[in-house]
Amino acid sequence: MSDTAEILVVLGSKSDEKTMTECLNVLDNFGVAYKCEICSAHRNPVRTMELAKAAADSGIKVIIAAAGMAAALPGVIAANTFLPVIGVPMAGSALGGVDALLSIVQMPAGVPVAATAIGSHGAKNAALLAVRILALNNPSLHKKLGAYINDLARG
């Protein structure tokens, strides 16, 4: 991981890249450093655990995890770190992502994962939620976020 990255974005599959572009664009627009990894909780569980466990020590403050279908990735990551984890359900299944959404929001007590909307809107909101978390301790980012919110209000 990059020494300067504050956000780790983990995609469960390369096929999630197009949807998660919205997330990465928001982070770029706010000037937030991030690291993006592709790692499946099912196909590579050991690497997924290692990413989650190493994140805080490398300076990561928030993890965004995008996953479809069973959507185990956000939960596996949350089970292996104390950092905030934001899950983004992907729409790639026959159920249009509802299965992924339910998998993310139905985490057992003690393993919290924030969940966003399915697809690109959720990807964008995950980045904005991560920015809000970082802005709590970053006056410059807080100011940028305030300007963004004011621009939204103006339409």
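This is a predicted model: local features need pLDDT of at least 70, side-chain atom pairs count only at pLDDT 80 or more; totals for chains, interfaces and linings use all residues.
I begin with helix α5, which runs from residue 120 to residue 135. Its 16 residues reach 22 Å from the first C-alpha to the last, close to the 22 Å expected at 1.5 Å a residue. The buried residues of α5 are G122, A123, A126, A127, L128, A130, V131, L134 and A135. What covers them? The elements include the strands β1 (7–11), β3 (62–67) and β4 (85–89), together with the helices α1 (17–30) and α6 (139–154).

The axes of α1 and α5 lie 7 Å apart, and the helices pack at an angle of about 30°. That angle makes α1 roughly parallel to α5. The crossing of the two is right-handed. On the α1 side, the contact is made by T19, M20, E22, C23, V26, L27 and F30. On the α5 side, the residues are S120, A123, K124, A127, L128 and V131.

Helix α6 meets α5 at an angle of about 135°, with the axes 8 Å apart. These two helices are therefore oblique to each other, and their crossing is left-handed. From α5, the contact is made by K124, L128, V131, R132, L134 and A135; from α6, by L141, H142, L145, Y148 and I149.

I turn now to helix α2, residues 45–55, in which T48, L51, A52 and A55 are buried. Why do these residues lie on the same side of α2? They cover an arc of only 95° around the axis, which puts them on one and the same side. As background, an α-helix has 3.6 residues a turn, so residues three or four places apart point the same way. On the other side of α2, E50 and K53 are exposed. The cover over the buried residues of α2 includes β1, β2 (34–38), β3 and α3 (73–78). Strands β1 and β3 are also among the elements that cover the buried residues of α5.

My last point concerns D99, which is found in helix α4, residues 98–105. Is D99 buried or exposed? Its relative accessibility is 19%, so D99 counts as buried, the cut-off being under 20%. Leaving aside residues up to four places away in sequence, D99 touches M69 and S93. The C-alpha atom of D99 is separated by 6.5 Å from that of A70, although the two residues are 29 residues apart along the chain.

Methods: Residues are numbered from 1 along each chain as its sequence is written. Side-chain values use heavy atoms; hydrogens and water are left out. Helices (H or I, at least four residues) and strands (E, at least two) are DSSP runs, numbered from the N terminus. The expected span of a helix is 1.5 Å times one less than its number of residues. Buried means under 20% relative accessible area, exposed over 50%, partly exposed in between (1.4 Å probe, protein chains only). Contact means heavy atoms within 4.5 Å. The arc is that of the directions from the helix axis to the C-beta atoms. Axes are lines fitted to C-alpha atoms, for helices over the stretch in contact, and angles run from 0 to 180 degrees between N-to-C directions. Angles under 35 degrees count as roughly parallel, over 145 as roughly antiparallel, 65 to 115 as roughly perpendicular and the rest as oblique. A crossing is left-handed if the near helix is turned anticlockwise from the far one by less than a right angle, and right-handed if clockwise.
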